[in-house]
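Hi,

Here is the structure I promised to pass on. Have a look at it first, and then read my notes below.

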Amino acid sequence: MHASPWPVHRDGLLFRDAVEKDIPALQDFRNDPVANHFMVHNQVDPDDLRRDWLAVASSPTDYSCVVDRDGEVVAMGFLEVVDGPGQPGSPPGTDGLIGYFVDPRFAGQGIGTTTARALLGAAFEDLGLRRVTAAAYADNNASVRVLERAGMRRERHSVQALWHRDLGWVDEVEYALLREEWVDMATAAHVAGTPFAEFRAAADAVARQRPEVDLDTAREVFDEAARRLHDGLALEGLDDHDLAAVVAGLCVDLVAEDPGAAVRARAEAARRDAGDLHDPDAVAAAFLVSASVLQL
Ligand SMILES: CC(C)(COP(=O)(O)OP(=O)(O)OC[C@H]1O[C@@H](n2cnc3c(N)ncnc32)[C@H](O)[C@@H]1OP(=O)(O)O)[C@@H](O)C(=O)NCCC(=O)NCCS
């Protein structure tokens with residue numbers, strides 16, 4: 001048995017381990033001749049399919065799942081843990097391969113993209129993998145779009161690398177993503193749309209202005225601050241005007257020589273001289289809560 005990363009809910013879909021009653025649906029659409037056009041294994045023996053899916057739960061490397069929408073199986077996701085390539089001695093089981101197959105009756109509804117994201121989330125966040133790749137026939141436009149929309153990076157385009165029964169030798173593309181890239185994307189998505197979105201721009205500005213500050217480190221500091229402030233509800237209750245003032249102040253203070261002193265001084269200044277603040281006491285409190293949430 002392995003510890004399954006499923007179930008996971010995402011965008012109205014339930015990603016879960018396959019059970020016996022799912023097998024007929026999987027058998028049905030996996031061998032659809034049109035949907036199969038770009039699958040390397042274009043036909044799967046129904047008995048093999050049953051055996052393989054029911055073996056997932058006891059496999060040490062297979063974390064494939066079914067995608068359930070309101071009780072109906074609409075897709076399958078493949079996630080296999082593999083050893084990273086290279087010289088002997090590399091740590092085992094660090095990498096992942098993903099794939100997906102949407103029931104053609106439900107194609108074009110975003111299920112493929114959500115499935116790719118769910119597989120990446122499971123690979124990086126639950127299984128702790130280092131790097132995930134996915135390969136496709138270069139002509140499989142829908143699959144290529146899925147990988148790009150999921151945020152994966154195209155790393156390889158191999159010319160006439162893969163045999164296709166109708167097309168002959170055709171090109172193959174491979175996409176990849178590292179764990180840190182996933183974390184970066186997830187943080188950006190978490191922070192986007194919150195008042196802290198401008199923290200990223202502040203980090204970039206600091207790195208540009210101060211050559212001794214490394215861009216990645218600055219982004220990490222600001223992303224982490226944004227996440228903690230957001231989760232700690234540090235700026236709750238401020239109106240948009242005061243919120244913008246606090247965020248702008250924090251963007252400056254977080255890279256001050258003594259960030260704690262800078263933030264507390266700003267709280268005092270807000271009380272002393274309200275300026276154009278709408279609610280100076282609430283602003284002062286927000287600065288103090290921020291200092292506390294960020295342990296400054
Ligand atoms: C590839 C596949 C997973 C796409 O799933 P899906 O749920 O239809 O994809 P989404 O709805 O998330 O759409 C993703 C993108 O693909 C595009 N797309 C969907 N079907 C397409 C098609 N037939 N041709 C071109 N683009 C297509 C969508 O428009 C969208 O792009 P956009 O953001 O530019 O609008 C699905 O077609 C499938 O399972 N195919 C058979 C199995 C397969 O080929 N798997 C991949 C093996 S590598």
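What follows is a short tour of the sheet, the ligand site and a pair of helices.

One thing to keep in mind from the start: this is a predicted model.

**The sheet**

Let's begin with the strands. There are 8 of them in an open sheet, and the order across it is β1-β2-β3-β4-β5-β6-β8-β7, with mixed pairing. β1 (8-10) and β7 (153-164) sit at the edges; each has a single partner strand, so one side of each has no neighbour in the sheet. From one strand to the next, the twist averages 25 degrees.

On its other pairing, β4 (residues 72-82) runs antiparallel to β5 over 8 bridges. If you want to trace that pairing by eye, look for V81 opposite G96 in β5, and for V82, whose bridge partner in β5 is D95.

α3 lies across β1, β2 (13-16), β3 (65-69), β4, β5, β6 (131-137) and β8 (168-178), and it runs at about 155 degrees to β5. α4 touches β5, β6 and β8, and its direction makes about 160 degrees with that of β6.

Is A75 buried or exposed? A75 belongs to strand β4, and it has 24 other C-beta atoms within 10 Å; the cut-off for buried is 20 or more, so A75 is buried. V67 stands opposite A75. Leaving aside residues up to four places away in sequence, A75 touches V67, Y100, F101, V102, D103, I111 and T115.

**Around the ligand**

Some of the elements above come back here. The shell around the ligand has 22 residues, and A107, G112, T113, A142 and R145 come nearest. β5 (95-102), α3 (111-126) and α4 (141-149) each supply at least two residues of that shell. Which element gives the most? That is α4, with 6 residues. By class, the shell divides into 11 nonpolar, 9 polar and 2 charged residues.

**The α9 and α10 pair**

On the α9 side the contact is made by G260, V263, R264, R266, A267, A270 and R271, which meet P280, D281, V283, A284, F287, L288, S290 and A291 in α10. The contact of α9 with α10 has 9 nonpolar, 2 polar and 4 charged residues.

α9 also holds E268. With 12 C-beta neighbours inside 10 Å, E268 counts as exposed, because the cut-off for that is 12 or fewer.

**Two distances across the model**

A75 and L288 are 213 residues apart along the chain, and their C-alpha atoms are separated by 49 Å. E268 and A138 are 130 residues apart in sequence, with 60 Å from C-alpha to C-alpha.

Happy browsing!

Notes. Residues numbered from 1 in each chain as written. Predicted model: local features only at pLDDT ≥ 70, side-chain atom pairs only at ≥ 80, totals over all residues. Near = placed C-beta within 6 Å. Helix = DSSP H or I, 4+ residues; strand = E, 2+ residues; numbered from the N terminus. Nonpolar A, V, L, I, M, F, W, Y, C, P; charged D, E, K, R; others polar. Pairing = 2+ DSSP bridges. Axes fitted to C-alpha atoms, helices over the stretch in contact; angles between N-to-C directions. Contact = placed C-beta atoms within 7 Å.
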